[in-house]
Amino acid sequence: MRRRWLGPTQPWWGAAFTAPVLVLLVCFKFWPMSYAAWLSLTNASLTDRARRFIGVSNYVRLSHDTTFIGALETTARYVGATIAVSMVLGLALAVLINQKVPARGVFRTLLFLPAVVPLIVVPILWQFLFHPYGLVNNALKALGLHPVNWLLSPQGAVGALVVATAWRLTPLCMVIYLAGLQSIPGELYEAAKVDGAGAVRRFQSITLPMLKPTLLVVVVFAITLTVQNFVLALVMTGGGPDNASTTLSLFVYQTGFLGFQMGYASAAALVMLLIIVAFTVVSLRAFRIEE
Amino acid sequence: MSSATTAVRLRAHAATIALLLLLTGVTVVFLVPIFWMVSTSLKSNQHVFDLPIQWFPRRPLWSNYPTAYATVHFTRYLVNSAIVTGSVTILNVVLSALAGYGLAKYRFLGRHVLLLLILATLMLPLEVVMVPLYLTVQHLGWLNSYQGMVVPVSANALGVLMMRQYFLSLPDDLIAAAHIDGAGHLGTFLRIGVPLAWPALLTVAILIFQSTWDDFVWPFLVISSPSKATVPLAVQSFQSAETSNFPMLMAVSSIASVPLTVLFFVFQRQIISGVATTGMRH
């Protein structure tokens, strides 16, 4: 069934309206993308103008590079843990706020504030909180636990990054969930209540299934945001100690802009793109199947 | 009968109070870092790690703020940030409105492909293309310049998609009527499209403003001289110079947080619904 078209059909005007955006996206997204693909096959350097085609050597080198393999593992752990924490916590908060509580608007506003703090301030603030004598260790001591050398131990550094990222990401997830929750018709819950379903049962059989599309949006959003971001690692840990908290995007930055190896960095960037595309495609597939 | 209703009501009250306590607890935990930032910014460096913790410093050093503002030369960076963010926002809004209108209201060959291409750029975050993009900007001779910071981020798929969505909901009859009345294509867009779309334009403007003001990576790569630096760059360079002066660092961080916080409180509805509906930021 085709919808009736009443708008203008002049092809040139439609293309003209879209052209400026298209030109900019081609110049600053698609061209760099293809350029990266080419660079990844060369020995391009930031300091040397001469570049030579070296085939897949950069990719072969990546597969042997322990720093790169380590960065992949760190990314998996960092992204996995961050996503798990922010998705679960974000959902819990959204469900709580979605109840009939007084002043829920105030809670929503206050809980959103970590997402308002400038991105560059987040690692500076958390670096201080994770200081050996900082607030986090004070809290641990107050709870009778051992203080942790957060930023100077391999495990602690990744843990600290996870906490800082999740702190900033959870409110964003919460808000997306809230929109999803509010689109679930209230009659469903009323009917379930009449049928004697408890709160847990209602959550399992109504909230979760109805929230599936939202969950997928949150997954793609959170993964893309966490994979690409290297500001937190750069400022909080610098990737240390001994590369233990070097994520993929930080590896790209360090190799390209500090190591001047633009070709090699481009190869790593393409691997990063592959990961983002893979996750997006898988999630979109899941979407399609649902519909 | 009445005692049963009282019991039900009491139980409902108890549940509400438990929920409130839980929410308050979680909110406090989430806000402690921010409170700690402000509280530390009012202390002297010797008393930062004092125990027991002084949440409200006994003698708050308000003078830390003017000192921090002057040391960092905030005015200069605020002006730079305003120039860059203002230009990026205006360009984005204008170009997104045009493209969104073109994609929603015209039938032309390849518009589906075009839409897919624009959608695909959502999977191309800056961090993936930063190496070739840097080389491209270097080639254009735009390193360390305002246009280097502005032009590469002046078109954004999210803005286009939001505007397209909005224009799709605009009845075609309106546009057809304007055309019958003899208005040109651009005239119809300006006189019918834009005035009706201002809520969407405002949302796009706010989201772009927020993410551009907050952006650290791109200016960090492009800008090398302090005279062009934006606020996030200034904060970072202060941090690497003064790693252990915690009160000053926290004062600088607090000052840097003010613009986006004000923006949030003024446009809370747009920001939250923008994040919620697009599921994306940046």
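This is a predicted model: local features need pLDDT of at least 70, side-chain atom pairs count only at pLDDT 80 or more; totals for chains, interfaces and linings use all residues.
Some conventions before I start. Residues are numbered from 1 along each chain as its sequence is written, chains are lettered from A and ligands numbered from 1 in the order in which they are written, and side-chain values use heavy atoms, with hydrogens and water left out. Local features need pLDDT of at least 70 and side-chain atom pairs count only at pLDDT 80 or more, while totals for chains, interfaces and linings use all residues.

Salt bridges, then. A salt bridge here is a side-chain nitrogen of Lys or Arg within 4 Å of a carboxyl oxygen of Asp or Glu. Searching the whole structure gives two of them over all chains.

One joins the side chains of B:D214 and A:R168, at 3.2 Å from N to O. This pair crosses between chains: B:D214 sits in helix α10 of chain B, residues 198-214, and A:R168 in helix α7 of chain A. Helices are DSSP runs of H or I with at least four residues, and strands are runs of E with at least two, numbered from the N terminus. Are the two partners buried or exposed? B:D214 counts as buried because its relative accessibility is 7%, and A:R168 is buried at 8%. Buried means under 20% relative accessible area, exposed means over 50%, and partly exposed is in between, with a 1.4 Å probe and protein chains only.

The other salt bridge is between B:K105 and B:D172, at 2.7 Å from N to O. It links distant parts of the chain, 67 residues apart, with B:K105 in helix α3 of chain B and B:D172 in helix α8 of chain B, residues 172-180. Both B:K105 and B:D172 are buried.

Staying in helix α3 of chain B, which covers residues 74-105, we find B:T89. B:T89 is buried, at 9% relative accessibility. Beyond its neighbours within four places in sequence, B:T89 is in contact, meaning heavy atoms within 4.5 Å, with B:A205, B:I208 and B:F209.

B:H73 is not a glycine, yet its phi is positive, about 55 degrees. Most residues other than glycine have a negative phi. B:H73 is partly exposed, with a relative accessible area of 47%. A:F260 lies in the loop between α12 (248-258) and α13 (262-290) of chain A, and is partly exposed at 36%.

Now the helix pair. How do α2(B) and α13(B) cross? Their axes come within 9 Å and cross at roughly 80 degrees, α13 of chain B being residues 246-266. The axes are lines fitted to C-alpha atoms, for helices over the stretch in contact, and angles run from 0 to 180 degrees between N-to-C directions. The two helices are therefore roughly perpendicular; that label covers 65 to 115 degrees, with under 35 roughly parallel, over 145 roughly antiparallel and the rest oblique. Among the residues that meet are B:Y65 and B:Y69 in α2(B), and B:M248 and B:I255 in α13(B).

Last, A:Q182, in helix α7 of chain A, residues 154-182. Its C-alpha atom is separated by 10.0 Å from that of A:A94, 88 residues apart along the chain. Leaving aside neighbours within four places in sequence, A:Q182 is in contact with A:N98 and A:R104.One more item, at the surface: A:W13, B:L186 and B:L190 form a nonpolar patch with about 290 Å² of accessible area together. Patches take residues with over 30% relative accessible area and no salt bridge, joining like charges within 9 Å and nonpolar side chains (Val, Leu, Ile, Met, Phe, Trp, Tyr) within 5 Å. Accessible areas come from the Shrake-Rupley method with a 1.4 Å probe, and for residues only the protein chains shown count as cover.
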